[in-house]
Amino acid sequence: MNVMVALIRALLRSAQITTGTIGRSALTGARAAGSALAVVGCAAVLAGCATNLGSGPSQTSSLSDPKPSEKPYQPQKPVRIAMLLQLSGYGPAAVTAKGMKQAGELALFELDNPLVQIIVKDDKGTPAGAAAAAGEALAEGAEIIIGPLTAGATSIVAPIARKSNVPVLSFSNDRRVAGNGVYLMSSLPEQEIERIVSFAASKGKRRFAALIPDDEYGKVIEPILRAAVTRSGANLAILARYPAEPNAMLPPVRQLIDDIKQWDDTGAPVDTLLLAGGGETLERICPLMSFSGLNPAQIKVIGTGDWDFPNAGRNAALAGGWYPAPDPHGWQDFTQRFSRSFGTAPPRLASLAYDAVSLAITLSANEPGQRYTVQNLTRPSGFQGIDGQLRFSQNGLPDRGLAVLERQAFGSSLIEPSNTQPQPQAPVSTAEADNKPKQ
């Protein structure tokens, strides 16, 4: 097994050529130059971990193969797929981008299409960098752009791609940048809030409190939360906001706990607390909640997809809590394959990169000009990937099925499988709600 792991890593590294293009032909060349042992080893690896499109329902695949009687179009020249990622620097964003790039390489390797190349460009995390990266990718013949990560960068890239009639699969979850050729890979805040609130209400929860960040993300989810609670026939009794500064978090947390205790005295206690925030923020605020007297045994704590970070369950305030996330089975299998290939666990957003690349590879089988059309990208049956089913609407918004998980001291347990029906649309906010890198 160690020999096979080393071989697959070597092949993935050999696929990176000086122009920044990753092609299956480079992998093929590496095999031809290797020994017979390398060929056998690669075959064993592919047999053990490849995920091919059109396989059985247990596979994390996108679309289905043509019928046996059909002969798919065979491209005569490489189909080029661009990935725009912030690869510069050493911070969390760069670490996440590296993992997403590797996930794209893994998709290319596993799906094994010799006439597809990935053009990887560093957007440098700046508007100018995003514009330059998009221009370079288009000049090199990219037919679809995957990325960038943020709404700001997407808004720069979109008009550049639009001039060339090239669609963009963005990793942002800000609905303002969707449409007119831009499709969002991430689940939307309203989908996550709607899912977890409706699930809690189905379990008899009727009186909610919420602690949300006092920032642009908080402004996005507040009207969404109010609407979701109302639709569920419940009541939002308390809404508190906390600042980003760690030294200023304690007063609003204490006030929230005091308010919850006052409701207990009325005989109509608050039974559910929504705690929203990214992983780093939750790591700071959860100890404050326990210090202030939160008793998870008396109130069910629920959250958003941002709870899906390593060791979250070690925080007493989160242990036993519920949160929405993609069905974990596909992610667990993907994590094992990624770790075997690269020797490290993937960042959580890596699955989005894998799914975006596999979607693009699948549609590359169509004829030029018919690959990445609106009709193909918005097909009603959608796509099946690592993170479950994904459908795009005509305006570029995603409809993702979300499961409900319960946080444990180590890991999470599935308590309700993914839903696949479209979710009600919550009020639209003009505030920013970009993905934050998750480690």
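Which residues in helix 5 meet helix 6, and which residues in helix 6 do they meet? The model in question is a predicted one. On the helix 5 side, the residues are Pro127, Ala130, Ala131, Ala134, Gly135 and Leu138. Their counterparts in helix 6 are Ala153, Ile156, Val157, Ile160 and Ala161. Sorted by class, this contact has 10 nonpolar residues, 1 polar residue and no charged residues.

Two packed helices are described by the angle between their axes and by the distance between those axes. Helix 5 spans residues 127-139 and helix 6 spans residues 151-163; the angle is about 30°, and the axes lie 9 Å apart. Because angles under 35 degrees count as roughly parallel, helix 5 is roughly parallel to helix 6. The crossing of these two helices, helix 5 and helix 6, is right-handed.

A second pair to look at is helix 4, residues 92-111, and helix 12, residues 350-363. Here the packing angle is about 40°, with 8 Å between the axes. Helix 4 and helix 12 also have a right-handed crossing. From helix 4, the contact takes in Gly99, Met100, Ala103, Gly104, Leu106, Ala107, Leu108, Glu110 and Leu111. From helix 12 come Ala350, Ala353, Tyr354, Val357, Ser358 and Ile361. By class, the contact of helix 4 with helix 12 holds 11 nonpolar, 3 polar and 1 charged.

The last stop is a pair of strands. Strand 15 (residues 403-407) and strand 16 (residues 412-416) run antiparallel and are joined by 4 bridges. Val404 has Glu416 in strand 16 as its bridge partner. The hairpin formed by strand 15 and strand 16 has 4 residues between the strands, and in this hairpin Gly411 takes a positive phi near 85°.

Definitions and conventions. Residues are numbered from 1 along each chain as its sequence is written. This is a predicted model: local features need pLDDT of at least 70, side-chain atom pairs count only at pLDDT 80 or more; totals for chains, interfaces and linings use all residues. Side-chain values use heavy atoms; hydrogens and water are left out. Axes are lines fitted to C-alpha atoms, for helices over the stretch in contact, and angles run from 0 to 180 degrees between N-to-C directions. Angles under 35 degrees count as roughly parallel, over 145 as roughly antiparallel, 65 to 115 as roughly perpendicular and the rest as oblique. A crossing is left-handed if the near helix is turned anticlockwise from the far one by less than a right angle, and right-handed if clockwise. Contact means heavy atoms within 4.5 Å. Ala, Val, Leu, Ile, Met, Phe, Trp, Tyr, Cys and Pro count as nonpolar, Asp, Glu, Lys and Arg as charged, and the others, Gly among them, as polar. Two strands pair if DSSP finds at least two bridges between them.
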